[in-house]
Amino acid sequence: METVVKISGLVKSYKELTAVNDLDLEIKEGEVFGLLGPNGSGKSTTINCLLSLLDFDKGDIEIFGKKMTPTAYDIKKDIGVIMQNVAVFEELTVYENIDYFCGLYVTDKAARKQYVDDAIKFSGLEEFVKFRPKKLSGGLLRRLNIACGIAHKPKLIILDEPTVAVDPQSRNKILEGIIELNKNGATVIYTSHYMEEVEQICSRIAIIDKGRKIAEGTKEELKKMVKNTETISILACEMEESLLGEINALPHVLESSYEDKKLVVHFSGGKHNLLRVLDCLQKHDVSFGRVYSELPTLNDVFLELTGTALRDSEG
Amino acid sequence: MFLHNFKYELLSGMRVKEVVIWLIIFPIALGTCFKVAFSSVYENTMVFETINVAVVEDTDEFSAQMFRKVIGDVKMEDEPMFKAKYTTKEKALKLLEDDKVSAVIFEGDPFEGSGFKMTTASNGLRATIVQSFLDQYSHNAELLLTAVSDSGSGSYEDIMSTLSAEVNSVAKKQMTHGNTDMYVQYFYNLLAMVALYGSLSGLHIAIGGQANLSALGARRNVSPTPKLIQITASLCATFVQEALCTVIAVTYTRFVLGIDYGDRLGFVYLAAFIGGCLGVSLGFMVGSIGRMGMAAKNAICNAVSLGLCFFSGLMDGGMKAKVELSAPWFNRVNPAALISDSVYCLNVYEDMSRYWEKIVSMIVITVILTLLGFVMTRRRRYASL
């Protein structure tokens with residue numbers, strides 16, 4: 001697979017604050033690449049540097065094997081950008097907006113008409129073509145924003161937090177659309193602080209925090225980075241605290257706790273961990289209620305690598 | 001690429017609510033209010049009255065005597081045209097400030113090659129009469145000198161014959177092409193206001209073109225259409241939009257309100273349109289400065305437009321003359337003053353040179369402001385977004 005985007009040693013500072021610190025990224029053709037990090041971690045700054053909107057202090061950026069500059073129009077024509085903020089003309093209708101932005105990339109009128117029709121169909125805006133943006137709901141507005149960014153059928157699509165403040169139904173529609181765009185051949189860069197979204201659609205993920213890349217890989221590879229591979233929680237558990245010692249002695253147990261009749265056991269690797277815990281409880285005639293087994297999330301990865309939960313660091 | 005941008009810029013521009021309100025509805029409403037307020041006053045001010053002037057003498061006795069003789073002798077409708085008070089500069093300006101005279105004449109000596117200068121408290125028929133009289137006096141003095149020098153050893157009769165022929169031809173000239181009443185100036189300033197409110201559209205261009213000021217700007221900046229093409233298309237579309245608004249304003253005031261702009265209406269449209277372009281470029285330049293948001297820049301543009309209109313006399317007919325006294329340079333660069341003056345000159349002076357002078361000034365300022373805007377927005381990368 002060819003490299004579509006290559007970022008080497010990118011450094012971007014705002015006075016005292018280093019927003020992006022020596023960042024390296026390589027994104028291959030056909031990937032859905034996730035850039036995951038809390039708010040203020042440097043995701044949008046990275047994207048803006050990538051698009052040559054922002055000056056940066058150090059580093060090199062190549063797209064499609066060519067150096068990216070503000071006047072690299074031959075590169076820009078193959079990029080579609082969906083910014084965090086909705087960027088459409090309030091005074092133009094849905095159709096006119098999509099046609100306008102598509103026209104910045106595609107000069108052939110006949111081809112453009114087809115592209116615009118495809119984008120309208122793709123984003124499910126057929127019934128709203130004559131509406132002005134003000135008349136659209138938040139979700140539809142986001143879809144229009146996306147349609148304006150992808151109407152020219154770009155090879156590389158960059159989505160910077162496109163689902164912020166979007167209802168779950170529209171969010172699912174947007175995520176499904178991104179997967180479809182990828183299936184149609186586009187390479188996608190997707191930034192978000194919603195780890196579930198990134199897990200759902202991205203084939204490879206880079207986690208960044210305070211401007212630094214702290215981990216990169218597939219979600220499976222990332223999850224392997226954490227010691228805690230399984231967490232078992234048992235509610236309404238009527239047991240003696242002294243039993244904790246026996247549970248801690250079970251194979252692969254990292255640690256366990258018992259508080260407010262809730263037993264939580266963390267494991268590192270191993271199979272049939274749940275069975276072993278339940279056997280132990282039955283052996284001591286302990287009654288219990290609901291049982292949960294959770295596999296690690298990207299939040300656990302973030303927590304382990306940074307010492308703070310992804311959600312704690314937002315904001 | 002250009003036409004595509006132009007089409008949508010024009011389409012979106014004409015649908016902006018602020019444009020419709022400030023450039024079409026508001027001038028129509030204000031013009032109608034002016035008409036209602038001034039129509040009765042206008043009807044009562046058309047009787048000629050002797051004009052009080054102050055004369056500051058600064059020439060030799062011969063020239064001063066000549067001028068005193070002429071100014072005392074000229075009449076209009078059997079009334080003396082001027083009542084002159086000869087005094088010092090300071091006292092003359094005080095008289096003007098106290099509204100006791102309509103103009104202050106600073107004597108020059110046409111026989112020595114120095115021209116007359118005049119300061120007035122307001123534009124209008126009186127100021128025009130004084131100015132025309134001074135022009136005529138200077139012109140005749142020059143003719144006399146030329147006739148004397150050209151005749152060489154010619155006879156007295158030859159000289160007088162040449163001079164009277166010239167004087168007659170000058171005397172037959174039409175003095176004005178339209179209504180010189182001071183209340184019409186409010187409508188000139190109304191046109192200036194419409195033109196300057198074009199700054200709102202110019203502001204939209206600047207903000208919509210910069211990635212650090214709007215999401216729209218960011219999206220446009222990442223497209224493969226060069227910024228120069230996008231901004232040029234936007235400016236052209238806005239100039240067209242401004243032309244439509246000024247056409248509406250001039251047409252409404254002329255044909256609905258019946259304001260007499262004289263018999264050179266085409267040039268009134270031209271002046272209003274060039275003024276509109278100036279307004280757009282002003283907004284474009286203001287919008288390109290700094291990182292303030294749309295609301296703040298909108299407020300600045302509105303304030304600047306209204307301020308310039310205020311100093312050109314939209315709210316107080318005598319304001320421009322007051323500015324002329326204390327900071328005459330400001331009237332030469334104030335877009336609102338230039339716009340209203342251009343229409344005024346058109347209606348008052350037979351000679352078009354003053355009109356073209358204002359038009360050229362407006363074009364030069366438009367070009368300068370547009371270039372400044374371009375220089376400030378040409379930045380391709382930003383330090384922060």
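**Close-up views of a predicted two-chain model**

**View 1. An open sheet of chain B, in a predicted model.** Four strands of chain B make up this open sheet, in the order β4-β1-β5-β6, and their pairing is mixed. The edges are held by β4 (82-87) and β6 (117-120) of chain B; each has a single partner strand, so one side of each is left without a neighbour in the sheet. Direction ignored, neighbouring strands of this sheet are turned by 25° against each other on average.

**View 2. The pairing of β5 and β6 in chain B.** Strand β5 (residues 103-106) of chain B and β6(B) run antiparallel and are joined by four bridges. One residue pair can be picked out here: B:Val104 has B:Thr119 of β6(B) as its bridge partner.

**View 3. Strand β9 of chain A and its pairing with β3.** Strand β9 (residues 204-209) of chain A is mostly covered, with five of its six residues buried. Strand β3 (residues 32-36) of chain A runs parallel to β9(A), and four bridges join the two. Within this pairing, A:Arg204 in β9(A) stands opposite A:Phe33.

**View 4. The hairpin of β9 and β10 in chain A.** β9(A) is joined by five bridges to strand β10 (residues 212-217) of chain A, and the two run antiparallel. A:Gly217 in β10(A) stands opposite A:Ile205. Two residues lie between the strands of the hairpin, and A:Lys210 in the turn has a positive phi of about 50°.

View 5. α3(A) is mostly covered, nine of its ten residues being buried. The buried residues are A:Val94, A:Glu96, A:Asn97, A:Ile98, A:Asp99, A:Tyr100, A:Phe101, A:Cys102 and A:Gly103.

**View 6. The contact between chain A and chain B.** Chain A brings 28 residues to the contact and chain B brings 23 residues. On the side of chain A that touches chain B, α2 (73-76), β6 (79-82) and α3 (94-103) of chain A each supply at least two residues. The most comes from α3(A), with four residues. Sorted by class, this side of chain A has 17 nonpolar, six polar and five charged residues.

Methods:
Residues are numbered from 1 along each chain as its sequence is written. Chains are lettered from A and ligands numbered from 1 in the order in which they are written. This is a predicted model: local features need pLDDT of at least 70, side-chain atom pairs count only at pLDDT 80 or more; totals for chains, interfaces and linings use all residues. Two residues are in contact if their C-beta atoms, placed from the backbone, lie within 7 Å. Ala, Val, Leu, Ile, Met, Phe, Trp, Tyr, Cys and Pro count as nonpolar, Asp, Glu, Lys and Arg as charged, and the others, Gly among them, as polar. Two strands pair if DSSP finds at least two bridges between them. Axes are lines fitted to C-alpha atoms, for helices over the stretch in contact, and angles run from 0 to 180 degrees between N-to-C directions. A residue is buried if 20 or more other C-beta atoms lie within 10 Å of its own, exposed if 12 or fewer, and partly exposed in between; C-beta atoms are placed from the backbone.
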